[in-house]
Amino acid sequence: MGRTAGRGPEDTKRLILDAARGVVVSQGARATLDDVAVAAGLTRGAVIYHYSSKNALWIALARDAIAQFHQAVQDRVEDGRAPGRLARAFIRASLEGDQIDAVGERLFLLAALAAAPGVPELVAEDGVRWKAEMAEDGLSLGARTVILNAVDGAGLMTGWGLKPDRAELVALRTELENLTTPGS
């Protein structure tokens, strides 16, 4: 399987990361570079060319999952300076439509990768970052804590095949959004 004409290195890295995500979600971190290569339609050598080791790929995959969620939240932040803007964007990025499926997948992916050196530190840094950014959002500690933990809880339920039904997700989103309006 040679290089595909017209595909640059960044496109190939994206292809590998997407394939790795699917492989790790289905097999866990025991997946091999060969498994990723097959899923990506590449050779093992092509995967190693872009990611020097399985651990390097797992770290890149964890970073990518974290970055994609941060971008999804940033894409939903309202204009202005009203308190709760980030929290509302976090809730929307997690609970709009079927986004809870992506939350569950991200949490299970990161858990599966946690055995790889460097991944637990990335996840811990991400948690610290969310707490710090939410602290600047103008909401009480209680509101921030409930929002972060409720979303993660619903995501984990989804990952375990216990996805809240549509009415439960709508009710959860409404209650959490109520926490983003100080004084309500």
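How many positive and negative side chains does the protein chain have, and how far apart do the centres of the two sets lie? There are 21 positive and 24 negative ones, with the two centres 3 Å apart. Lys and Arg count as positive and Asp and Glu as negative, leaving out His and the chain ends; each charge is placed at NZ of Lys, CZ of Arg, CG of Asp or CD of Glu.

This is a predicted model, where local features need pLDDT of at least 70, side-chain atom pairs count only at pLDDT 80 or more, and totals for chains, interfaces and linings use all residues. Residues are numbered from 1 along each chain as its sequence is written, and side-chain values use heavy atoms, without hydrogens or water.

**Fold**
- The protein chain has nine helices and zero strands, going by DSSP runs (helices: H or I, at least four residues; strands: E, at least two), numbered from the N terminus.
- Its C-alpha atoms fill a box of roughly 60 × 35 × 30 Å along the principal axes.

**Packing**
- Of the 184 residues, 39% count as buried, meaning under 20% relative accessible area (1.4 Å probe, protein chains only).
- Among contacts (heavy atoms within 4.5 Å) with a separation of 6 or more, 68% join residues 24 or more positions apart.

**A surface patch**
- Leu156, Met157, Trp160 and Leu162 form a nonpolar patch on the surface, with about 450 Å² of accessible area together.
- Trp160 sits in the loop between helix H8 (141-159) and helix H9 (166-178).
- Trp160 counts as exposed because its relative accessibility is 65%, and exposed means over 50%.

Conventions:
Patch = residues over 30% accessible without salt bridge, like charges linked within 9 Å, V, L, I, M, F, W, Y side chains within 5 Å. Areas by Shrake-Rupley, 256 points an atom, 1.4 Å probe, with all protein chains shown as cover. Salt bridge = Lys/Arg side-chain N within 4 Å of Asp/Glu carboxyl O.
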